[in-house]
Amino acid sequence: MTTFTQTTPVTVSPRPGIAATVRHTATLAWRSLVQIKHNPMELLDLSVQPIMFLLLFTYVFGGAISGSTGDYLQFSLPGLIAQNMLFASLTTAIGLNTDITKGVFDRLRSLPIARSAPLAGRILADTLKQVWAFALFLGLGMVLGFRVQTGVLGVVGALALLLTFALALSWAAVLIGLTAENQEKVQIVAFSLMMPITFTSNAFVPTDTMPGWLQKWVEINPVTHLADAVRGLLSGGPVASSATISVLWAAGLAMVFAPLSVRAFRNRI
Amino acid sequence: MSVPSSRVDPTPKREEIMTYAIQAEGLAKRYGETKALDGVDLEVPRGRLLGVLGPNGAGKTTAVRVLATLLKPDAGHARVAGFDVVKQAHQVRSLIGLTGQYAAVDEALTGVENLVMIGRLLDMPRAEAKRRAAELLDRFDLTEAGGRAAKTFSGGMRRRLDLAASLVGHPQLLFLDEPTTGLDPRSRADLWAVVRGLRDDGVTVLLTTQYLEEADQLADDIVVFDHGKVIARGTSDELKATTGAQVLEVRPLRASHLDVVVGVVGDVLGSAPEIAGGLVTGSVRDPALVPAIVRRLDDLGVVAAELSLRKSSLDEVFLALTGHRADDGGADSHDDTRDSTARKEEVAI
């Protein structure tokens, strides 16, 4: 029984404090990001789709839609950035779901850490990946001829708005990740939800050739407002209304999905 | 625990805490119509290894998940190291280690990183977390592979890494949920050695298994689960004695004598023996009958190539207790998959 006395922790605290919660969240975010260090290809994985979309849209559709690839790039890059952000926010669902099916989630829940740390850590890491994707898009866009016509403040504002929206959407991602049976189902849900939503907006094309009923939806679609706001923040133009509507949408999504996710999370416990 | 020392009443409780690592009373959990746990009482004294034995779907995993604070029971209560698993879950978590049925390791991280991550989550300074990781990798013979991503590990290595992860925080109490399911015999023997070592270190272990041999080999005490209930408990020897019978096995030298042997054994014991592969097996309640069988066979000129009297195996005990063998009745009855998506997946595969 000698080991017993050695192994008994000196203090057994009733719950983790705020400092500990922050530390645990950081550790779990590190866990998601350190993979990139081992496998730098992972960073490329994250970026292949954005780059492909950027090149395809600009050089295949650009001339036909806007008359020149340069004009189209100036119009579509903000839309592409918004679309990519929406897709990327669902990687949270995939990561979470993988943790659950592999048993890692249970292991984390059996540790004396804050209940929220596994979720918060993952979302923190995914947010940093969003920043990377934003920088990549903007950098590559500028190489291809996109011009930021506002300034540093505009770029920072665009990023902040996108991250706000992504965070709100990650509540939906958490819900999907917690409730889907497996990773394939997560991907199917994510794809069949995001494809139509992002395309039925003004992210890639001006909407005046769409049928009337579709234009009505496009007017409502949050992606339209988000793309408009990002466009305004990067290329100049009116921002206030579209940014406000985007933030309202983000708040609405969070208000709907946060309680549902928390409930799903509790049900697992 | 912050029980003020001035109070008078905690003294008897204190004693219980010292004696029992796990105390559970009337645990119940249902999933729809299925009673995964139907009033389970458990007591595990400190430093003992309890084997929870039962077929698939008997409620073993559900019991572990309740005790490890992953699942709230619908009824009943449980204390682990003196702390209530629902109301004092955080304290319980800081004292236990859990190794589930699936190697719960992050496949994208290396062996070292998996363990350092757990150490950091347990509030170890970075240097200490690294030292502890190295120590555990060494103990589990994973030092060489420690720098590789866990996805490159074999099944046995993953299980060892998983077990190492559950030991990072020096738990007083370890839950092992079917730790050797799906392992090859060598990896299983390795894991057994590790579990014995832990018990020798004074760690209380609750181990679930479908393998009677595993419980027989490792456990100090065994409880047998079936349909969410504890249907028997005791040491391996006590359980074997509960059927009140020993097993007589006779193999005639000449196969043509099989019928004669069956006749004699059945006649003397008063119940029809089983025949399998030229071996006649009968259940003996009175050992004095054995010489009578030998004499009768001798009179009839039957030579036995093999004749033995042994205690019932746990397999036979399980059959006697439940009316079915330990390895069947799992797939069709209720099972533990409902609370584990992971297991659902494996079943689907």
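Guide: Helices here are DSSP runs (H or I, at least four residues), numbered from the N terminus. This is a predicted model: local features need pLDDT of at least 70, side-chain atom pairs count only at pLDDT 80 or more, and totals for chains, interfaces and linings use all residues. Residues are numbered from 1 along each chain as its sequence is written, while chains are lettered from A and ligands numbered from 1 in the order in which they are written.

Visitor: Which residues in helix 3 of chain A are buried?

Guide: A residue is buried if 20 or more other C-beta atoms lie within 10 Å of its own. In helix 3 of chain A, this holds for A:Pro50, A:Leu54, A:Phe57, A:Thr58 and A:Gly62. An α-helix has 3.6 residues a turn, so residues three or four places apart point the same way.

Visitor: Where does helix 3 of chain A bend?

Guide: A bend is the angle between axes fitted to the seven residues ending at a residue and the seven starting there. Helix 3 (residues 41-66) of chain A bends by about 40 degrees at A:Ser47, with the proline A:Pro50 following within four residues. Just after this helix, A:Gly67 has a positive phi of about 90 degrees.

Visitor: What does B:Leu115 touch?

Guide: Leaving aside residues up to four places away in sequence, B:Leu115 touches B:Ala133, B:Leu136, B:Leu137, B:Ala164, B:Ala165 and B:Val168.

Visitor: How far apart do the C-alpha centres of domain 1 and domain 2 of chain B lie?

Guide: Domain bounds come from an automatic or database domain assignment. For chain B, the assignment gives domain 1 (16-95 + 171-240) and domain 2 (245-311); their C-alpha centres lie 39 Å apart.

How values were computed: Contact = placed C-beta atoms within 7 Å. Helix = DSSP H or I, 4+ residues; strand = E, 2+ residues; numbered from the N terminus. Buried ≥ 20, exposed ≤ 12 C-beta atoms within 10 Å, placed from the backbone.
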